Amino acid sequence: MTTTHSARGLVWIDTQSPTDEEISALVKRYDLHPLVGEELRNTPSPAKIDFHKDYTLVVLILPVRIKKNGSYTVVNREIDFVIGRNFLITAHSDGIDQLEYFAKIFETNAILNKDSKIDHPGHLFYYMVMRLYAGAYEDLENIRDLVIRAEENIFSGHERKMVEVLSELSRELIDFRETARAHRDIWAVMIEGKDKILFGDEFAPYVKDIRDEFTRIHELINNSRELVGDLRETNDSILNTKQNDIMKTLTIINFIFIPATFIAALFTIPASYVPLVENDTGWAILFGIMVLITLVIWYVIRRKKWL
């Protein structure tokens, strides 16, 4: 499906899951290289940037947090940008909420003639990427809120449940970092090759602003991962401490009853003469001895504060 947005002589063509006919029409209309057409055909490609004479190809892989089967997961969404002198082409295989939101804003501003900063497709590309990064930052803020909530639960006695929660959050952050890592190189190449950019030195500050926004996202990912790592260590320490306390309690209980068990076993040894066994009050005496020894051991344990 292809949608065309236009304003002030600028054309933005957004195509989702384009057909071969749609790609061929774009290649012919804007005189694109055949390999650029192949990039637009929903074929998976790593993030990259290619400079051409009359346009620039930018391939971005965006981490998007979605809810699936009752839990959140991070999936990769590829967007191909072809930035020309008076046109911008975006191609992607899946719907992207932030891109749809930007389309609504663009149409509204175009109708009301509010935005005077979009003078060429480079500006359009800048605002589009910033909108996409805003969505990624919002996803990371939601993850960070869950991390803070997990911290509260850890110290509220729910550390066992938090093992799985922290593992899931750590996995999401790892996926974010691995997917977004290549963006830094793209913006660095774009800044270094500013003489190859269609819009000259005037556009360089916009690219630097995109890079700074990416840096902010990258720092949030790293800070959140460090916090999750610290919480996992704290959670593991609490779990180990509680497990050790349980083992200590069981050991002490076993130690308390060992003397009574030994006495009971001693007087059940089959022998020709066992003291107190044949006495009418022998059972009561043995029971009293066992109770007394148990109470003495319990008193010592409490006095030593072992339990």
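# Close-up views of a predicted model

**Figure 1. Packing of helix H5 against helix H7.** Helix H5 (residues 159–180) and helix H7 (residues 204–266) approach until their axes come within 9 Å, and the two cross at roughly 155 degrees. With this angle, H5 is roughly antiparallel to H7. The crossing of H5 and H7 is left-handed. On the side of H5, the contact is made by Glu159, Arg160, Met162, Val163, Leu166, Ser167, Ser170, Leu173, Ile174, Phe176, Arg177 and Ala180. On the side of H7, it is made by Phe214, Ile221, Asn222, Ser224, Arg225, Val228, Leu231, Arg232, Asn235, Ile238, Leu239 and Lys242. Sorted by class, the residues of the contact of H5 with H7 are 13 nonpolar, 5 polar and 6 charged. The structure shown here and in the following views is a predicted model.

**Figure 2. Packing of helix H4 against helix H7.** Helix H4 (residues 121–154) packs with H7 at an angle of about 15 degrees, and the axes of the two helices are 10 Å apart. H4 is thus roughly parallel to H7. The crossing of H4 and H7 is left-handed. The contact of H4 with H7 comprises 21 nonpolar, 4 polar and 6 charged residues.

**Figure 3. Packing of helix H6 against helix H7.** The axes of helix H6 (residues 183–192) and H7 lie 10 Å apart, and the helices pack at an angle of about 160 degrees. This angle makes H6 roughly antiparallel to H7. The crossing of H6 and H7 is left-handed. H6 contributes His183, Arg184, Trp187, Met190 and Ile191 to the contact. The residues contributed by H7 are Val207, Lys208, Ile210, Arg211, Phe214 and His218. By class, the contact of H6 with H7 holds 6 nonpolar, 2 polar and 3 charged residues.

**Figure 4. The aromatic pair of Phe81 and Phe125.** Across the whole structure, a search finds 6 aromatic pairs. One of them joins Phe81 and Phe125 in an edge-to-face arrangement, with 5.1 Å from centre to centre and 85 degrees between the planes. Phe81 belongs to strand S5 (residues 71–84) and Phe125 to helix H4, so the pair ties together parts that are 44 residues apart in sequence. Both Phe81 and Phe125 are buried. Ring pairs also bring in Trp187, so that Phe81, Phe125 and Trp187 are linked into a cluster.

**Figure 5. Ser17 in the loop between strand S2 and helix H1.** Ser17 is placed in the loop that runs between strand S2 (10–16) and helix H1 (20–30). Its phi angle is near 50 degrees, a positive value in a residue other than glycine. The relative accessible area of Ser17 is 36%, and the residue is partly exposed.

**Figure 6. Ile23 and its contacts.** Ile23 is found in helix H1. With a relative accessibility of 0%, Ile23 counts as buried. When residues up to four places away in sequence are not counted, Ile23 touches Pro18, Gly37, Leu40 and Arg41. Ile23 and Met130 are 107 residues apart in sequence, and their C-alpha atoms are 26 Å apart in space.

**Figure 7. Thr3 in strand S1.** The position of Thr3 is in strand S1 (residues 2–7). Thr3 has a relative accessibility of 30% and counts as partly exposed. Apart from neighbours within four places in sequence, Thr3 is in contact with Trp12, Ile13 and Asp14. Thr3 and Asp14 are 11 residues apart along the chain, and a distance of 5.2 Å separates their C-alpha atoms.

**Figure 8. Arg149 in helix H4.** Arg149 is located in helix H4. The residue is partly exposed, and its relative accessible area is 48%. Arg149 and Met162 are 13 residues apart along the chain, with 10.0 Å between their C-alpha atoms. Met162 is also one of the residues of H5 that make the contact with H7.

Terms used: Residues numbered from 1 in each chain as written. Predicted model: local features only at pLDDT ≥ 70, side-chain atom pairs only at ≥ 80, totals over all residues. Heavy atoms only, no water. Axes fitted to C-alpha atoms, helices over the stretch in contact; angles between N-to-C directions. Helix = DSSP H or I, 4+ residues; strand = E, 2+ residues; numbered from the N terminus. Parallel < 35°, antiparallel > 145°, perpendicular 65-115°, else oblique. Left-handed = near helix turned anticlockwise from the far one by under 90°. Contact = heavy atoms within 4.5 Å. Nonpolar A, V, L, I, M, F, W, Y, C, P; charged D, E, K, R; others polar. Phe/Tyr/Trp six-rings, centres within 6.5 Å; stacked < 30°, edge-to-face > 60°. Buried < 20%, exposed > 50% of the residue type's maximum accessible area, 1.4 Å probe, protein only.
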